[in-house]
Amino acid sequence: MFFRIILLFSSFLIYFQVSAGNVVVCKDIKDCKTCAESYIHVLGFKEECRWCIESKSCGGPYSCPIGKPFIQKDPFKCPIPYRPASGKRYTDALGRSIYAVAIAVRDKNITSCLGNVRPDITLTKSYEVECDGAGNLCKGLLAKSEEAKAIYVSYKGSTFGKQVFAELLHGLTAQLGAWEKFESTEAGVITYFHTAFYRLFIDSGMKDDLLELMKKHKNYRVWLTGHSLGGSLATMTSLHLVKAGEIDKNRIRLITFGEPRTGNLAFAKEVEDNVPFRYRVVKKNDPVTNMPAATPLNMLTTSLYNRQPLHYRYMVHYNGPMFKGESFKVCEVSDDSACRNVALSDISDHTTYFQIDQDDFVKNGCPRNELI
Ligand SMILES: *[C@@H]1O[C@H](CO)[C@@H](O)[C@H](O)[C@H]1NC(C)=O
């Protein structure tokens with residue numbers, strides 16, 4: 001029996017090898033992965049086949065209607081069906097209950113804010129450090145809920161205004177390829193996030209305290225969250241913990257809000273390989289989630305392709321104002337361009353997730369009925 005399985009497996013590999021790679025015509029290929037790994041020779045030149053996402057068909061190097069998303073060269077971008085096990089689905093109610101923790105970290109008195117919006121949660125400790133050379137502060141918290149059997153890690157990100165943040169990210173696009181190595185040889189993140197992560201999570205003692213908390217509550221899940229830059233830090237933290245062998249990856253729950261493209265293609269792959277429960281919530285035309293901009297695939301050489309900024313799955317996209325119980329779409333391809341109109345941009349979408357104005361919410365004492 002065992003050998004039969006081996007035999008079956010190796011014949012599958014052989015079949016796979018002859019079916020991908022150099023093919024005579026692209027259009028006979030019926031699946032995205034094989035299509036993305038195949039090429040044809042045109043007048044002696046190697047030309048990659050292209051998978052058109054909308055028509056679900058494979059074609060030559062110039063197929064797919066202009067402006068429509070397609071996949072070429074790398075099967076990573078192929079859709080992965082969203083079929084979470086029961087209890088692992090994203091729901092609007094779940095998003096709201098976690099967003100409460102993402103927002104509470106903004107309050108000067110986190111205990112008082114959590115006491116109103118999530119009374120089951122108690123703050124363990126908060127951390128605040130200068131996260132760059134310009135005096136901007138980054139803030140994070142550790143908390144827990146006995147009722148939810150959960151430990152929470154939440155990041156505020158920076159104190160600078162949304163305009164400055166947008167400009168910062170725009171500026172970063174210009175340094176395409178200048179990634180800071182993170183948790184693997186190929187994976188890279190934006191330098192600013194890299195510095196902020198080490199200062200806030202590692203150097204401030206937050207990591208040591210978290211490990212202590214995890215040891216004390218071995219059966220608690222670890223929820224990581226944050227808005228904007230805070231979302232990037234949450235994602236980096238989850239990857240760091242798994243890669244450092246500090247946590248069983250199935251214990252992690254990652255939900256970020258308005259997260260920019262934190263890292264490059266290899267980073268996105270690492271996150272998908274190491275963090276099984278992960279949702280990136282995006283409100284409508286939030287422009288920060290489209291920064292730094294990804295260059296259209298067909299304009300890139302292979303080495304540039306590997307260095308481009310790229311999102312990980314699964315984006316949860318709300319295409320409306322995010323009222324309570326509003327429906328959303330879960331995007332099955334890694335980056336967002338196939339699932340939302342990335343050409344549209346409205347900065348107010350970045351700061352009004354779940355119809356909550358972050359600053360007003362905190363100022364009013366984090367009223368639970370407005371969010372949950
Ligand atoms: C924060 O809020 C709590 C609960 O409302 C209160 O007991 C505490 O004194 C406050 N702390 C500060 C520093 O204001």
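The following conversation goes through a predicted protein model.

Visitor: What is this model, and how are residues numbered?
Guide: It is a predicted model, in which local features need pLDDT of at least 70, side-chain atom pairs count only at pLDDT 80 or more, and totals for chains, interfaces and linings use all residues. Residues are numbered from 1 along each chain as its sequence is written.

Visitor: How many helices and strands does the protein have?
Guide: There are 13 helices and 16 strands; these are DSSP runs numbered from the N terminus, with helices being H or I of at least four residues and strands E of at least two.

Visitor: What share of the residues is buried?
Guide: Of the 372 residues, 42% are buried. A residue is buried if 20 or more other C-beta atoms, placed from the backbone, lie within 10 Å of its own, exposed if 12 or fewer, and partly exposed in between.

Visitor: And helix H8, is it mostly covered or exposed?
Guide: H8 is mostly covered, with 13 of its 15 residues buried. The helix runs over residues 229–243, and just after H8, Gly-245 has a positive phi of about 70°.

Visitor: Which residues surround the ligand?
Guide: Asn-109, Thr-111, Ser-112 and Gly-115 surround the ligand; a residue counts as near if its C-beta atom, placed from the backbone, lies within 6 Å.

Visitor: How many bridges join S4 and S6?
Guide: Strand S4 (residues 50–52) pairs with S6 over three bridges, and Trp-51 stands opposite Ile-71 in S6.

Visitor: What is phi of Lys-73?
Guide: Phi of Lys-73 is near 75°, positive in a residue other than glycine. Lys-73 lies in the loop between S6 and helix H3 (92–104).

Visitor: Why does Lys-73 count as partly exposed?
Guide: Lys-73 counts as partly exposed because it has 18 C-beta neighbours inside 10 Å.

How values were computed
The expected span of a helix is 1.5 Å times one less than its number of residues. Two strands pair if DSSP finds at least two bridges between them.
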